[in-house]
Amino acid sequence: MFERAELGNRAILVHMDTSDEERREDLSEFIELVTSAGAEILHTATSSRHTPDPKYFIGKGKASEIKQLVSETKADLVLFNHALSPSQERNLEALLQCRVLDRTGLILDIFAQRARSFEGKLQVELAQLRHLSTRLVRGWTHLERQKGGIGLRGPGETQLETDRRLLGQRIKQINKRLEKVRKQREQGRQSRRKAEIPTVSLVGYTNAGKSTLFNVVTNADVYVQDQLFATLDPTLRKVKIDNDVELILADTVGFIRHLPHDLVEAFRSTLQETSEAHLLLHVIDASDENRDSQIEEVESVLEQIQADRIQRIQIMNKIDINGVEPRVDYDSAGHARRIWLSAGTGDGLDLLRNELAGFFKKEMVVGQITLLPAQARLRALLFELGAVRHEIVDQSGHYILDVCIARTDIHKLARRENVSLEVLLPVAAA
């Protein structure tokens, strides 16, 4: 056995093509992942097999070739563009005498680097511990021995059992803390529901330009970088689309092919902003030749988090790269299905604003309401909702209000104040 190196980012990449379409990965995307993680690429080894080797995944001959490369280049780690089983990872480390990391471990490492908020760090740690729990038996024989020596004789459990127990305890602690965060998030969502402010969530493949679009629409300064998983922590901003429509825009973590299940589970509270949104804007890199497969991956994750039934509009971003003109594609019913724009240059952003305003105005009622002097409480409640745009008082003391109000608010007010619906229904909508 061997002692694993603690530091070092000089890496050899391993990519294997298989006949199984589900297992096949994109090499260029893998290189982007490795670069995002901050590793120095020394060599990329490629091979092809019908099925993975049960012991080394890549076959004994290729494994020996990579061992020679590790020795010649003094590499610190070998990165696989595939999900390895715990036994395959252990066998490869024993043969290559260096750290071995699969695609899942690499994505977890990138998430660990990017997490900034308390919640984000907890979620990443939870995903890492769940992943680690299947890989405790690695390359150390001492983990299988019982503790010995003065002061070290424990309750009869091996080092491995102790590690498993401590790991389980830490996972329980993190879950308790995340439960508190989930409750806080739910309180925020409930207050937004009471205020009747709709939520629009940006979703899409990693590096599709969600944060750039978020910044230009909300005038925020969310971290933007041309790298995978630049955004981990969700950001919410209130934005006024026009005089009548106000909404909450949410920027969320990007998705990727074969996103580790542990990550989806750990980030469930964050992704809940997506699953409870009124509308999803699916941001797509229109210049990427793999955009169709990326769309499928995003749809798959949306299905996992039960957000696939929410209405969505596809945002075809980065049209400036291919020289495409801004436009809106409509379906047979006249609903916007695709908006072609460039968040980087600002072309087509006016089309997005117009469609968002039109989408939410369908549920808005605009017109005039006349209230008696004795109905001053109703007048105050309408002002409290922000529904009154202009007011005059006639000679009889009647309040004549120009309003823009959600139809749901009209019904709620009528029920709560026990008044006829006709009293609150604006004249223009009668």
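1. A crossing is called left-handed if the near helix is turned anticlockwise from the far one by less than a right angle, and right-handed if clockwise. By this criterion, α4 passes α5 in a left-handed crossing. Helices are DSSP runs (H or I, at least four residues) numbered from the N terminus.

2. The model is predicted: local features need pLDDT of at least 70 and side-chain atom pairs count only at pLDDT 80 or more, whereas totals for chains, interfaces and linings use all residues. Residues are numbered from 1 along each chain as its sequence is written, and side-chain values use heavy atoms, with hydrogens and water left out.

3. The protein chain has a mean pLDDT (the predictor's confidence in each residue, from 0 to 100) of 78, and 80% of its residues reach 70 or more. Residues 1-5 have pLDDT below 50, yet this stretch has 16 contacts beyond near neighbours in sequence; contact means heavy atoms within 4.5 Å. The pLDDT is also below 50 over residues 138-153, with 31 such contacts in the model. Where pLDDT is low, the predicted coordinates should not be read in detail.

4. The axes of α4 and helix α5 (residues 118-133) cross at roughly 155° and come within 9 Å. Axes are lines fitted to C-alpha atoms, for helices over the stretch in contact, and angles run from 0 to 180 degrees between N-to-C directions. The two helices, α4 and α5, are therefore roughly antiparallel (over 145 degrees; under 35 is roughly parallel, 65 to 115 roughly perpendicular and the rest oblique).

5. From α4, Thr104, Gly105, Leu108, Phe111 and Ala112 meet Val124, Ala127, Gln128 and His131 of α5.

6. Helix α4 (residues 103-114) also packs with helix α1 (residues 27-37), at an angle of about 40° and with axes 9 Å apart. The pair α1 and α4 is therefore oblique, and α1 passes α4 in a left-handed crossing. Residues in this contact include Phe30 and Leu33 in α1, and Leu106 and Ile110 in α4.

7. Glutamate 417 lies in the loop between α14 (407-416) and α15 (421-424). Its side chain makes a polar contact with the side chain of arginine 377 at 2.7 Å. A polar contact is a pair of N or O atoms within 3.5 Å; within protein, one must be able to donate a hydrogen and the other to accept it, and residues adjacent in sequence count only if both atoms are side-chain atoms.
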